[in-house]
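Morning, everyone. Let me put the model on the screen, and then we'll walk through it.

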Amino acid sequence: MMICTALVFFMHLGFSLLEIGLTRQKNTLNILFKNIFIITIGLLLYCLVGFNLMYPGNFNGFFGFAGFGLDAIAAADLAYNEGYTYWTDFLFQGMFAATAATIVSGAVAERIKLIPFMIFVIIYVGVIYPIAGSWKWGGGFLDQLGFYDFAGSTLVHSVGGWAALVAVWLLGSRIGKFKDGKPQAIPGHNVPLATAGVLILWLGWFGFNGGSVLSAEPGATSLVLVTTCLAAAAGGVAAFLVSTALYKNFDLTMFLNGILGGLVGITAGADQMGPTDAIIIGAIAGIIIVFAVSLIDRLKLDDPVGAIAVHLVCGIWGTLAVGIFGAMAGWSQFLSQLIGVGAYAVFCIATSFIIFYVLKKTVGIRVPEREELEGLDAHEHGMSAYPDFRMNEH
Amino acid sequence: MMICTALVFFMHLGFSLLEIGLTRQKNTLNILFKNIFIITIGLLLYCLVGFNLMYPGNFNGFFGFAGFGLDAIAAADLAYNEGYTYWTDFLFQGMFAATAATIVSGAVAERIKLIPFMIFVIIYVGVIYPIAGSWKWGGGFLDQLGFYDFAGSTLVHSVGGWAALVAVWLLGSRIGKFKDGKPQAIPGHNVPLATAGVLILWLGWFGFNGGSVLSAEPGATSLVLVTTCLAAAAGGVAAFLVSTALYKNFDLTMFLNGILGGLVGITAGADQMGPTDAIIIGAIAGIIIVFAVSLIDRLKLDDPVGAIAVHLVCGIWGTLAVGIFGAMAGWSQFLSQLIGVGAYAVFCIATSFIIFYVLKKTVGIRVPEREELEGLDAHEHGMSAYPDFRMNEH
Amino acid sequence: MMICTALVFFMHLGFSLLEIGLTRQKNTLNILFKNIFIITIGLLLYCLVGFNLMYPGNFNGFFGFAGFGLDAIAAADLAYNEGYTYWTDFLFQGMFAATAATIVSGAVAERIKLIPFMIFVIIYVGVIYPIAGSWKWGGGFLDQLGFYDFAGSTLVHSVGGWAALVAVWLLGSRIGKFKDGKPQAIPGHNVPLATAGVLILWLGWFGFNGGSVLSAEPGATSLVLVTTCLAAAAGGVAAFLVSTALYKNFDLTMFLNGILGGLVGITAGADQMGPTDAIIIGAIAGIIIVFAVSLIDRLKLDDPVGAIAVHLVCGIWGTLAVGIFGAMAGWSQFLSQLIGVGAYAVFCIATSFIIFYVLKKTVGIRVPEREELEGLDAHEHGMSAYPDFRMNEH
């Protein structure tokens, strides 16, 4: 569990590298700043309120709170669950909480104002995510209803994904993204870092899914790692094949997004699937990615890193897949999954809309045009990400 | 074991960064694409056929096959070996399988056609590597003979290295590598990423060798980590000293290749050596690297990343060293090691020659001259690895 | 413990990326070379003499030595401590030893001669660090005195930090750092790599502090991880708030240094603090960083990466904090901490002064002006870190 916590922490480096790699150089510092802010403030907020909102003891099923801060728990009581301690549990869940906000960060990159985004992070990570999480992982009403989400296809990825969707819609697209109604490619500045980011995320998923077994029971944990890796591989290969067939070029970023789609897709049922199920779920996620990216473009939504396709669309797919494949498959389970997806959709869309709408009408959420054109790094941070980078003469 | 699997997975990031760091910018995407393809397809193939070719149950010693796909194994049977489960074993070995192909990827970089390379990967990872592996790790004839290869100096590194040698020979050198018969330096584009790659590989070797103990027995595992790290350190320092003495400059890439040489060299006997043995084996590997790189140049073989020197030459050295140093040292063991090296040489040279020769005579294996000069990224992927990278004005 | 060793090893990648990210491109190879040298030679020296200097068996409390090399220890004796073996202990401590020298490497970057620096590393890692370490962790006189340093705020970070201070003072500032007595910003060349470095260091601290529990006891270890992460988060946020209030811009490098300051600050008492203590200690460390960086500038000391502020100043703060917060707080403990800080100050300043002063008066420690202006990479290594990096036409 502790090692898994370390790996989930490391995913934040993966997200950071992926996001800056797929965006333009002039906004690199800004994106890194947002990500570093999310990790640090997210952990502090989760300590202050989040953990006790999410796992609230006496609980009506919708909302509960066990007080501020962490308990000064006696060493004797530490082993409050089999296999992991109170402290490990806090840290592992705290790392998850920050992940939900990081997903939004990528989607709103290159045009959102820093301070309003920070306010959103504080509310969403500090309050919204833990309440949403309590419905299932805190033993709330969706848990009672039989809804299943092993490691967070919905509770983490969709929760982040819905907010990303709302934010992208309220923000509008980057200048130059749509010309005469047609989406234009705005290439990022560092594909090697994006690739490194995806491989680090895959590594982190060993912890994300492996740790969600919440024990070191070798049989269950090792099966989860196998299904996780096979889904990732199948997602990547499927996205590569479909995108090559459609667009006639070998598109690395589609390959990478396919891997991420497979990972998100398997997350809800990683412990319920056999290897073949995992490959099918991953492959379908990979296919979904290619079409979802194109659909989001056609909807005139501008998501620079493909976060909505990866985390929201594949998160929904993975959650529903628990009712279709594996040990829990069946109509009644499928219905439970559908209800869960719907409940989170309503709650996350509503809350993130309120937050972003209020911010938009008060402080504003979008940087001025000149700042967007010249880059957020120069305007908000007074610096460049590569201030001393020089070319060699050839 | 599961953590070691994660670390071995992470080695693929190390290989990717090392390879792109030591090659030119115009081929970066292509190399990353190949590596991502190897990891994903490798895992799927190992699931479909590889695992059951390598560990085939009833076995004549040369070739056996236990059917397609992974068993839907009952939870009760999961602990089929002491200390790790069926699933862990599959995943750990699957990560190894992909490594063999990655070694080839570096050697053929900057001039091989993408699709023929993919076909090679499918055959080599899916069929050749598992058959070769079964001879020793599947309990085949070399295992009966007393051949010893702890974690794959021969079974992984030489198996990849021989194919790299054959491929480089059939492909020919990059345009501009030899002028009037003299080798020219073709510097890579990002030494920091190459350095990061080597440190990630070293980290991965904690899992590669540590996990090959196939148990969490602390005495044996910790000794293996000590011998692994001491050999790496000695290899690096030796390569640095020799190359500085010979060429009068502080060559970082030689230092890095020395570390890798030490790691490959200790891999065959990491559990059989004491600390002093490990330092000697590593140091000799480091010295070998310097001369092997120069020898390969003089043979007019063009290996952009030094893969043949590191993985093949040091792989052979490490395998033979099991008969010279440590607990198993002795003439009869040395002979067994020599037979093993020879058997793999014959099999790997023959099979990889057939694959690459057939590909060369049918679809061709080398990109057109114009594509090579302008870069594979632009031609095969229609993109650049750093599409938005801009210089600062000074 | 073995996993923690791997994570501490990985910190060397973090240090390397942080250092090159915050310095200029023309000195990148040189810094990487120094770091790779430190890891490899450090491990070999620790095997040859360091380990037996630091844990010397019969011991007068100040200096002891148990002979050269590692024991050829029988497997039966391996479990010489509960929870980890002799080999694990060596490797874990060996990774620490190299860290002390790496701290110096950053502070002296961009102007120190390579060979004198190597000589310093050999003496400091091989002899000085282990002797200093033996005073507490070897059961020496400071241990008898009640001085407490859980994982090395003083024993590792200050020991490196004092040498960094002395070296920076003897070396002088980089050309152009002070104009008319005023400090000038010399921006680094790759902030993304620096950010990655900090996140890798944070990850490594999971091992650095987590492993220092010297057992896998889940209660103690998980608490240490919680205090470590909360202090890091609080340090970052505090440094961000203070520096934003003072300088009116969102300074990512200050945020990052705050995280590192929090990590160094909690290291001495990570197992003695509750979550609230950890947040306070981290936050104070973050505030200290902002003022310490500015103070060092005003003292006309030129520390390109902020190593003195992070490792020395926060190391002292963290050591003293053990007497102020948490389970050990009290005047007599505070006094013990103060004595410990003082003893290491005297010893490290004296020894590092002697080493650097002798080197300065004999071979010289600073590169010629022309070499400094043109970059150490070109002069000492005959190469550039990005030799083939080309810009795209826009």
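Start with a term: two residues are in contact if their C-beta atoms, placed from the backbone, lie within 7 Å. Keep that in mind for the interfaces. Now some housekeeping. This is a predicted model, where local features need pLDDT of at least 70, side-chain atom pairs count only at pLDDT 80 or more, and totals for chains, interfaces and linings use all residues. Residues are numbered from 1 along each chain as its sequence is written, while chains are lettered from A and ligands numbered from 1 in the order in which they are written.

First topic, the arrangement of the copies. The superposition is by least squares on the C-alpha atoms of residues with pLDDT of at least 70 in both copies. Chain C goes onto chain B with a turn of 120°, a shift of 0.0 Å along the axis and an RMSD of 0.0 Å.

Which surfaces do the copies use? Only 11% of the interface residues of chain A are also interface residues in chain C, so the copies meet through different surfaces. For chain C against chain B, the figure is again only 11%.

Next, one interface up close. Here 47 residues of chain C touch 44 residues of chain B. On the side of chain C, helix 1 (2-21), helix 2 (28-54), helix 3 (86-107) and helix 14 (376-381) each give two or more residues. Helices are DSSP runs (H or I, at least four residues), numbered from the N terminus. Helix 1 of chain C gives the largest share, eleven residues. By type, that side of chain C has 33 nonpolar, eleven polar and three charged residues. Ala, Val, Leu, Ile, Met, Phe, Trp, Tyr, Cys and Pro count as nonpolar; Asp, Glu, Lys and Arg as charged; the others, Gly among them, as polar.

Last topic, packing inside a chain. In chain A, helix 8 (residues 218-247) and helix 10 (residues 275-298) pack at about 35°, with axes 6 Å apart. Axes are lines fitted to C-alpha atoms, for helices over the stretch in contact, and angles run from 0 to 180 degrees between N-to-C directions. The contact of helix 8 with helix 10 in chain A holds 20 nonpolar, six polar and no charged residues. That's my tour. Thanks.
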